[in-house]
Amino acid sequence: MDFIVKIFENTWFQRALWSVIVVLIGIALYLLTTRILDVKEKRGTKLISDKKNRTYIRMLKSIIGSAIAILTALTILEIFGVNVTSMLAGVGIASVVIGFALQDALKDVIRGLDIISGNYYEIGDLIKFGDNLGQVQSITIRTTRIQDINTMNIVSIANRNIDKVEVDTGYVYIPVPLPRNLKLEKAESAMHEIVKNLKKTDLITSAGYQGLTAIGDSSFNYQVVITCDPMNRLQARRNSLGTIVKTLEENKITIPYNQLDVHSK
């Protein structure tokens, strides 16, 4: 019994016990706040769009998580006898060195706030960074994560690289070459039928006809545009091409190919 009493009277044991309690409180606060935010995210709001609502809430989760982690760490240091106030005051002396070490991280945080306030992009948007084209999955105070539509890999982008990010409109443009000897009226009729069939094609949300876009060496090039879920973009395009070919075959229209005229003396 005396042994147990001595353990509880031990200073290091008491500090460790209080540290565990502080950590558990921090975890409980984080779980509680994220639970409340999850409910808010599901319910949405009439004041802002669903995508913007998700973006704000997930960014807020990231900020709250970081704040709780910092406060928990500072409290534990106080428990172990570290004078946090003096330590924070002394940070000013080393701020220049720390600033150089953390300047990229600070840029990420500032740019992360810019992304939200400036409406650069939101969760669910399709963006391009280098060779990666993907849908935004999350935005934190330091990084933006996308899922590449070609490889399905998750790619993390440092927020400081926002000036290298392009926001894709989500439209997929598909050229349709038709024979030059095909009358315009018949070509237009075939294109409208193609659009009608595209609207019935799997994975396609909407389709439209954009008219004659170019005159090639052996064809007149028309164009259609479709929209779809960004993650189904490649398959939607393949489905569209199949629908286009099938419609042209039904109308007995042959897709032209490049021809080379050879003249001999």
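1. Helix α5 covers residues 184-198. Its 15 residues reach 21 Å from first C-alpha to last, close to the 21 Å expected at 1.5 Å a residue, where the expected span is 1.5 Å times one less than the number of residues. Helices (H or I, at least four residues) and strands (E, at least two) are DSSP runs, numbered from the N terminus.

2. A word on the source: this is a predicted model, in which local features need pLDDT of at least 70, side-chain atom pairs count only at pLDDT 80 or more, and totals for chains, interfaces and linings use all residues. Residues are numbered from 1 along each chain as its sequence is written, and side-chain values use heavy atoms, with hydrogens and water left out.

3. Which residues of α5 are buried? They are Ala187, Ala190, Met191, Ile194, Val195 and Leu198; buried means under 20% relative accessible area, exposed over 50%, and partly exposed in between (1.4 Å probe, protein chains only). Seen down the axis of α5, the buried residues fall within an arc of 140°, so they line one face of the helix; the arc is that of the directions from the helix axis to the C-beta atoms. An α-helix has 3.6 residues a turn, so residues three or four places apart point the same way. On the other side of α5, Glu185 and Lys196 are exposed.

4. What do the buried residues of α5 pack against? Their partners are β6 (171-179), β7 (204-215), β8 (219-228) and α6 (233-250), with contact meaning heavy atoms within 4.5 Å.

5. The N to O distance is 3.2 Å; the definition asks for a side-chain nitrogen of Lys or Arg within 4 Å of a carboxyl oxygen of Asp or Glu. Arg233 is buried, at 15% relative accessible area, while Asp168 is partly exposed, at 24%. A search of the whole structure finds one salt bridge.

6. For the chain overall, I would note six helices and eight strands. Buried residues make up 32% of its 265 residues. Of the contacts with a separation of 6 or more, 60% come from residues 24 or more positions apart.

7. Lastly, do look at Trp18 in helix α2 (residues 11-43). Trp18 is exposed, with a relative accessible area of 53%.
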